[in-house]
Amino acid sequence: MPVSVPDLLSEPALRLRALSSHCHDEDRRIGWVSTTELPDPTPFLRGDELVMTTGMLDRDDAEWIRLLGRLAELPVAALCFGTGLVHRDVPPVVVETAERVGLALLGSPVEVPFAQISRWVADRIFAERYDAVRSAVVLQDQLVRELLSGHGLRGLLRRLHRELGAGPVAVVEPGGRVLARHPSSSEWPQAGADEGAVVDAGTSVPIVVDGVPVAWLRTRLGTMRQDVLSFATSIIGLEVARHQAVLNGRRELLGQLLEDVLHRTVSDADARRRLTAYGLAVEGPHVVVVARVGGAPGRLRRLPWTLGPLLERERDRLPTALIDDTVMVIVPDGVDAAAAARTVADHLTVLDPGVRVGVGEPRRGVAGLRLGYFEARQAAQAGPGVHRAAPLSIAGLLMGNLDLPLRELGHAVLAPLLRHDEEQRAELVTTLRSYLAHDCASAATARELTLHRNSLRYRLRLIEQLTGRDLDRLADRTELWLALLALEADPAGAPPGQ
């Protein structure tokens with residue numbers, strides 16, 4: 001319990017006397033002790049001190065009145081006036097002013113030194129703080145035990161609910177979805193969580209992983225125990241990061257196996273056997289979902305984009321693999337692949353708001369797994385959001401091939417045109433794309449580009465000169481067309497060496 005002025009009066013060894021009616025107020029808590037004989041000690045006080053003085057300075061009534069007024073305004077916890085050394089009794093003006101300004105005034109006999117009073121107060125303040133620290137450590141230990149035990153997150157929320165007295169508590173995703181709550185029957189509004197915001201009368205504290213708020217710990221009512229909430233969010237974040245590392249290990253291993261399957265470095269029979277160990281029966285119908293995120297691939301591995309399973313210490317609900325900057329999910333028969341793709345997209349927006357997700361067609365077997373991957377990969381190239389696969393063309397399969405450096409080859413073929421367009425502010429690449437798209441029909445190309453036919457013929461001759469290709473030869477047309485497809489698949493990619 002905090003030390004109060006009535007506690008001092010109740011200690012017989014201190015022999016203190018109450019000289020004003022304000023000494024019996026239990027709310028007068030003592031934070032520290034200050035002994036002073038300064039003319040004006042208030043610049044050196046912070047409030048809540050027990051100020052002790054013998055009145056050594058010779059003050060007139062006006063000076064005493066000003067001093068006590070300032071002490072009451074701070075306010076200090078009490079003024080203890082020592083008698084028997086300078087003053088036989090406390091000056092009447094001091095007693096009268098203390099009563100009038102609301103200051104607790106104590107009288108101390110000369111037989112009890114100020115050091116004894118200071119030591120008594122300090123011992124109790126230190127004991128109080130030790131108890132508070134010990135209580136906090138015990139509670140922190142209990143929270144850790146709840147989280148790491150079989151009770152998990154729900155056990156931690158139950159303990160917080162009991163200790164904080166702040167009503168229901170919950171862990172909520174940034175989008176507003178409640179991941180866990182206690183009591184389980186409590187209701188929470190499905191609204192976004194503003195960072196550091198007060199929700200109704202309660203509080204919302206971020207759970208941070210890798211510097212990003214991945215969820216929020218909320219209380220329905222306000223609480224003074226911010227230290228407890230901060231500690232709780234810290235250990236939840238550490239636990240999430242730990243399980244994220246374990247889950248990533250599984251995803252990476254499955255990704256390595258699937259890369260072997262896609263590259264055909266393992267036989268189909270061996271692939272079926274090894275995939276079965278991951279719970280994948282690929283002989284049945286399945287759909288491949290591919291999601292690609294921008295930015296550093298490392299964030300794909302560090303940030304928890306499937307927070308629910310992590311908090312419940314579950315595995316991925318659907319087989320999920322990591323391949324460089326790509327997430328590959330295999331959706332078995334009977335599961336809504338479109339809904340699964342939307343869920344993946346929602347989860348990955350925390351990493352990249354422009355995440356691109358492609359959904360393949362239902363297929364069987366190891367060959368179907370390969371074909372479904374390239375279908376989904378080609379669909380993902382359509383842009384941000386979720387896209388269903390169109391019929392897979394040979395060109396699309398080439399663009400999705402993991403082994404071919406098509407982007408580099410495409411830039412190598414088109415580099416002279418790209419340089420010319422940049423230096424001359426021309427449109428040779430646009431002209432070539434339109435010409436091939438119109439099956440090399442000059443009239444249709446000229447209409448689309450709003451060009452005279454002579455201007456179009458000049459551009460086409462210049463394209464042939466710069467690239468060293470003959471637009472009348474099918475092989476050269478095909479090479480230029482594939483180079484344009486590679487450029488469109490990765491328009492931001494730089495030519496080799498740049």
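This is a predicted model: local features need pLDDT of at least 70, side-chain atom pairs count only at pLDDT 80 or more; totals for chains, interfaces and linings use all residues.
**Cysteines**

Next I ran through the whole structure for disulfides and got zero. Cys 23 is in none, and the nearest cysteine sulfur, in Cys 80, sits 9.7 Å away. The cut-off I needed here is 2.5 Å between the sulfur atoms. Cys 80 is buried as well, with a relative accessible area of 0%.

**Aromatic rings**

I then went through the rings and found three aromatic pairs in the structure. I wrote one of them down: Trp 64 with Phe 81, a tilted pair, 5.7 Å centre to centre with 45° between the planes. Where does each partner sit in the chain? Trp 64 is in helix 2 (residues 61–73) and Phe 81 is in strand 4 (residues 78–82), so the pair links distant parts of the chain, 17 residues apart. Buried or exposed? I checked Trp 64 and Phe 81. Trp 64 comes out buried at 4% relative accessible area, and Phe 81 counts as buried at 0%. I also noted Arg 59, which lies over the face of Trp 64, 4.8 Å from the ring centre.

On to an open sheet: four strands in the order 7-6-9-8, with antiparallel pairing. I looked for the edges, and they are strand 7 (178–182) and strand 8 (203–209), each pairing on one side only. From one strand to the next, the twist averages 20°.

I took a look at how strand 6 (residues 169–172) meets strand 7: the two run antiparallel and four bridges join them.

Helix 6 (residues 226–263) lies across strand 8 and strand 9, running at about 30° to strand 8.

**Arg 177**

I went back to the loop between strand 6 and strand 7, where Arg 177 is found. Arg 177 is partly exposed, with a relative accessible area of 42%. I also checked Arg 177 against Ala 215: the two are 38 residues apart in sequence, and their C-alpha atoms are 9.5 Å apart in space.

**Asn 248**

Last stop was helix 6, where Asn 248 lies. Asn 248 is buried, at 8% relative accessible area. What does Asn 248 touch, leaving aside its neighbours within four places in sequence? I got contacts with Arg 301, Arg 302 and Leu 322.

Definitions and conventions. Residues are numbered from 1 along each chain as its sequence is written. Side-chain values use heavy atoms; hydrogens and water are left out. Buried means under 20% relative accessible area, exposed over 50%, partly exposed in between (1.4 Å probe, protein chains only). Two strands pair if DSSP finds at least two bridges between them. Axes are lines fitted to C-alpha atoms, for helices over the stretch in contact, and angles run from 0 to 180 degrees between N-to-C directions. Contact means heavy atoms within 4.5 Å. Rings of Phe, Tyr and Trp (its six-membered ring) pair if their centres lie within 6.5 Å; planes under 30 degrees apart count as stacked, over 60 as edge-to-face and the rest as tilted. A charge sits over a ring if NZ of Lys or CZ of Arg is within 6 Å of the ring centre and within 35 degrees of the ring normal.
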